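Me: Could you walk me through this model, one question at a time? I'd like to see how each answer is reached.

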Amino acid sequence: MPIKIPDTLPARALLEQEGVMVMSESTAVRQDIRPLRIGLLNLMPDKIATETQIARLIASTPLQVELTLVRVGTHASKNTSEDHLISFYRTWHEVRDQYFDGFIITGAPIETLSFDEVTYWSELTEILDWTTTNVHSTFSICWGAMAALWHFHDIPKHILQDKACGVYRHRNLAPASPYLAGFSDDFSVSVSRWTEVRRADIEQVGGLELLMESDETGVCLVSEMEGRRLYMFNHIEYDSATLAHEYFRDIEAGLLIDVPHDYFPNDDPSLAPINRWRSHAFLLFGNWINQVYQSTPFE
């Protein structure tokens with residue numbers, strides 16, 4: 001079943017080129033089913049790239065999905081045009097009276113700031129509290145996951161000495177989890193962060209289950225059944241070239257940063273990277289949406 005997004009959203013043309021089925025409003029109305037409502041709170045600077053990545057993954061489900069793009073109202077984006085935001089996004093205050101089957105909260109490049117230094121932290125805490133009453137299941141990514149764990153459970157983030165960046169092998173710690181149905185025993189995940197959440201802190205909180213972990217970069221995925229929440233600390237949603245764009249951007253900014261781990265062939269940045277995490281990204285999002293569909297109330 002296709003994903004329903006605005007006809008003029010930039011992601012639409014790219015997804016159609018890739019063979020992703022995209023549905024128009026008129027076609028969606030003719031189908032006598034209730035679409036699964038997914039909200040995307042996009043905190044990333046390049047909102048168009050991120051909305052495309054997420055739309056691609058949730059479009060792989062056989063269900064009809066209606067994607068609503070959401071942004072915080074207390075922060076002005078510097079990297080996405082105001083026209084794009086006005087045309088395709090709604091502030092959280094505009095949707096706060098609505099209900100969503102699933103809600104995705106992205107990362108943000110502000111990891112080294114303490115949470116209370118983030119300009120929109122107050123609004124984000126309101127949104128997190130709102131998800132407990134107006135959202136059936138929440139999927140938080142990278143900094144968004146760290147923020148949610150801090151808000152709900154006081155689990156801190158820790159600054160790394162060096163940036164964790166590259167493609168790392170991860171272990172499947174819970175093969176019986178519905179979120180990991182079909183996962184290999186080990187698999188690759190794209191990683192890009194300056195901070196981490198530690199296993200020892202997670203194990204102090206009841207109700208949290210560690211699902212994925214890397215020997216090199218630590219905790220990757222945690223689930224919380226009572227709150228129907230997923231916390232993903234890495235960027236399994238990234239495109240093939242996203243880490244390359246970040247690496248070259250950091251080099252141009254004069255940062256002393258290593259070549260992303262096991263990403264470019266022979267660690268040569270002049271060669272095109274090979275994507276080894278895409279299939280598991282589709283699988284994880286598909287499993288999450290299936291769980292949402294199986295458990296969400298019809299009304």
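Me: Which residues form one aromatic cluster?
Reply: Happy to start there, and keep in mind that this is a predicted model. The structure holds 17 aromatic pairs. One cluster of aromatic residues is formed by Phe-115, Tyr-120, Trp-121, Trp-143 and Trp-150.

Me: At what angle do helix 6 and helix 7 pack?
Reply: Helix 6 covers residues 121-134, and helix 7 covers 143-153. Their axes are 11 Å apart. Angles of 65 to 115 degrees count as roughly perpendicular, and helix 6 is therefore roughly perpendicular to helix 7. The packing angle is about 75°.

Me: How many nonpolar, polar and charged residues does the contact of helix 6 with helix 7 have?
Reply: Helix 6 brings Trp-121, Leu-124, Thr-125, Leu-128, Asp-129, Thr-131 and Thr-132 to this contact. From helix 7 come Trp-143, Ala-147, Ala-148, Trp-150, His-151 and Phe-152. Sorted by class, the contact has 8 nonpolar, 4 polar and 1 charged residues.

Me: Which elements do the buried residues of helix 7 pack against?
Reply: The buried residues in helix 7 are Trp-143, Gly-144, Ala-145, Met-146, Ala-147, Ala-148 and Leu-149. They pack against strand 6, helix 6, strand 7, strand 9, strand 10 and strand 12.

Me: Is Cys-142 buried or exposed?
Reply: Cys-142 sits in the loop between strand 7 and helix 7. Its phi is positive, near 50°, in a residue other than glycine. Buried means under 20% relative accessible area. Cys-142 has 2% relative accessibility, so the residue counts as buried.

Me: What is the phi of the residue that follows helix 7?
Reply: Helix 7 runs over 143-153. The residue that follows helix 7 is Asp-154. The phi of Asp-154 is positive, near 60°.

Me: Where does Asp-267 lie, and is it buried, partly exposed or exposed?
Reply: Asp-267 has a positive phi, near 55°, in a residue other than glycine. Its place is the loop between helix 9 (242-252) and helix 10. With 48% relative accessibility, Asp-267 counts as partly exposed.

Me: How far apart in space are Arg-193 and Trp-143?
Reply: Arg-193 is placed in strand 9 and, at 1% relative accessibility, counts as buried. In sequence, Arg-193 and Trp-143 are 50 residues apart. In space, C-alpha to C-alpha, the two are separated by 8.3 Å.

Me: Which residues does Arg-193 touch, not counting residues up to four places away in sequence?
Reply: Contact here means heavy atoms within 4.5 Å. With residues up to four places away in sequence left out, Arg-193 touches Glu-111, Cys-142, Met-146, Leu-160, Lys-163, Ala-164, Thr-217, Val-219, Phe-233 and Asn-234.

Me: And which residues does Thr-217 touch, not counting residues up to four places away in sequence?
Reply: Thr-217 lies in the loop between strand 10 and strand 11. Thr-217 is buried, with a relative accessible area of 6%. Leaving out residues up to four places away in sequence, Thr-217 touches Ala-164, Tyr-168, His-170, Val-191 and Arg-193.

Me: How are the rings of Phe-139 and Phe-285 arranged?
Reply: A pair of aromatic rings is described by the distance of the centres and the angle of the planes. For Phe-139 and Phe-285, the centres are 4.6 Å apart and the planes are at 15°. Planes under 30 degrees apart count as stacked, so the pair of Phe-139 and Phe-285 is stacked.

Me: How many residues apart in sequence are the parts tied together by Phe-139 and Phe-285?
Reply: Phe-139 is buried, with a relative accessible area of 0%, and Phe-285 is buried with a relative accessible area of 0%. Phe-139 belongs to strand 7 and Phe-285 to helix 10. The pair therefore ties together parts that are apart in sequence by 146 residues.

Me: At what angle do the axes of helix 3 and helix 10 cross?
Reply: The axes of helix 3 (residues 47-58) and helix 10 (residues 278-295) come within 8 Å. The two helices are roughly perpendicular to each other. Their crossing angle is roughly 65°.

Me: Which residues make the contact of helix 3 with helix 10?
Reply: By class, this contact divides into 7 nonpolar, no polar and 1 charged. The residues are Ile-54, Arg-56, Leu-57 and Ile-58 of helix 3 and Ala-281, Phe-282, Phe-285 and Ile-289 of helix 10.

How values were computed
Residues are numbered from 1 along each chain as its sequence is written. This is a predicted model: local features need pLDDT of at least 70, side-chain atom pairs count only at pLDDT 80 or more; totals for chains, interfaces and linings use all residues. Side-chain values use heavy atoms; hydrogens and water are left out. Axes are lines fitted to C-alpha atoms, for helices over the stretch in contact, and angles run from 0 to 180 degrees between N-to-C directions. Helices (H or I, at least four residues) and strands (E, at least two) are DSSP runs, numbered from the N terminus. Angles under 35 degrees count as roughly parallel, over 145 as roughly antiparallel, 65 to 115 as roughly perpendicular and the rest as oblique. Ala, Val, Leu, Ile, Met, Phe, Trp, Tyr, Cys and Pro count as nonpolar, Asp, Glu, Lys and Arg as charged, and the others, Gly among them, as polar. Buried means under 20% relative accessible area, exposed over 50%, partly exposed in between (1.4 Å probe, protein chains only). Rings of Phe, Tyr and Trp (its six-membered ring) pair if their centres lie within 6.5 Å; planes under 30 degrees apart count as stacked, over 60 as edge-to-face and the rest as tilted.
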